[in-house]
Amino acid sequence: MKFEEIEALMRKNESLSEQYVLPENFIMVRLDGKGFTKLTKEKLPLEKPFDKKFNQVMIDTTKHLFNIGFKVIYGYTQSDEISLLIHKDDHTFSRKIRKINSVLAGEASAFFSLQFQEICVFDCRTIAIPNQEMLLDYFCWRQEDSHRNSLSAYCYWTLRNNGSTAKQATEKIEKMSQADKHELLFQYGINYNALPSWQKRGVGIFNREVNKQGFNPVTQETVDCLRNELFVENELTIREDYRVFLNEILKS
Ligand SMILES: Nc1nc2c(ncn2[C@@H]2O[C@H](COP(=O)(O)OP(=O)(O)O)[C@@H](O)[C@H]2O)c(=O)[nH]1
Ligand SMILES: [Mg+2]
């Protein structure tokens, strides 16, 4: 086979297996740390179950993903995952799913690894979201996941710190209801409801307009101007209030 024929065949096979996010759909991506249970337990010096520096690096990684060419409307991070809502009209990489996933996973992995000077890897998946209601459901779902996992993580480490083996702690937690978990923590002097919001509900990141003073070198005057700035919401609301909050971000 000639080189030209080989090339044409390769390109045909590559393009015929391509998948795209359909027009008019929001592009949702979710990145998740690969093997972070092991990484956070064995390789990184972190506090358990939650570590402020780890969370800050997740926030900084999310912010980094706002600045790599996609029109990101909202970012949400909890535990070792990041969700990014990308604009309906975004046409980066012609909406090719393979490109979106690989570039975002690469950017997040590289950025995060540099912060800890350790190889840390994220996977990435893309989900087409056809309407606004489903989009609100998506973020409420991730927040509920955050809440459940955080309650279980507190119970797990409380039991471990008080003599249980990993197996015993896991088995005990599996059988417990949400109310039982609150009660267990209470017995050890932890009021789950009073814990910092970022540990229970995750953190939201979005652009907002702020008034800044600039200096005009021509007129030698200070001038007021509006600038877009990335804002980190550490105190997210829940359920219906969260939906209202997200709707406001979508309007702007
Ligand atoms: N020590 C510590 N671990 C964390 C923190 N945030 C997330 N993790 C851990 O990261 C892991 C994420 O879970 P998951 O994605 O299901 O597991 P994976 O498949 O091993 O990445 C869990 O084991 C969490 O305990 C943190 O702030 N501190
Ligand atoms: Mg993970």
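This report describes a magnesium site and selected salt bridges in a predicted model.

Local features require pLDDT of at least 70 and side-chain atom pairs count only at pLDDT 80 or more, while totals for chains, interfaces and linings use all residues. Residues are numbered from 1 along each chain as its sequence is written, and side-chain values use heavy atoms, without hydrogens and water.

The magnesium ion (ligand 2) is held by Asp-32 (OD), Gly-33 (O) and Asp-80 (OD) at 2.0 to 2.2 Å. Donors here are N, O and S atoms within 2.8 Å of the metal (3.2 Å for Na, K and Ca); water is not among the atoms, so sites may look incomplete. Along the chain the donors follow the spacing D-G-x46-D. Asp-32 is partly exposed, at 24% relative accessible area, whereas Gly-33 is buried, at 6% (buried is under 20%, exposed over 50%, partly exposed in between, with a 1.4 Å probe and protein chains only).

The whole structure contains 11 salt bridges, each a side-chain nitrogen of Lys or Arg within 4 Å of a carboxyl oxygen of Asp or Glu.

Lys-212 in strand S5 (residues 203-216) and Glu-229 in strand S6 (residues 221-233) tie together parts 17 residues apart in sequence; strands (E, at least two residues) and helices (H or I, at least four) are DSSP runs, numbered from the N terminus. Lys-212 is partly exposed, at 31%, and Glu-229 is partly exposed, at 31%. Through shared partners, salt bridges join Glu-81, Arg-142 and Asp-145 into one network. Asp-145 and Arg-142 are about one helical turn apart because they lie 3 residues apart in helix H5.

Note on methods. Chains are lettered from A and ligands numbered from 1 in the order in which they are written.
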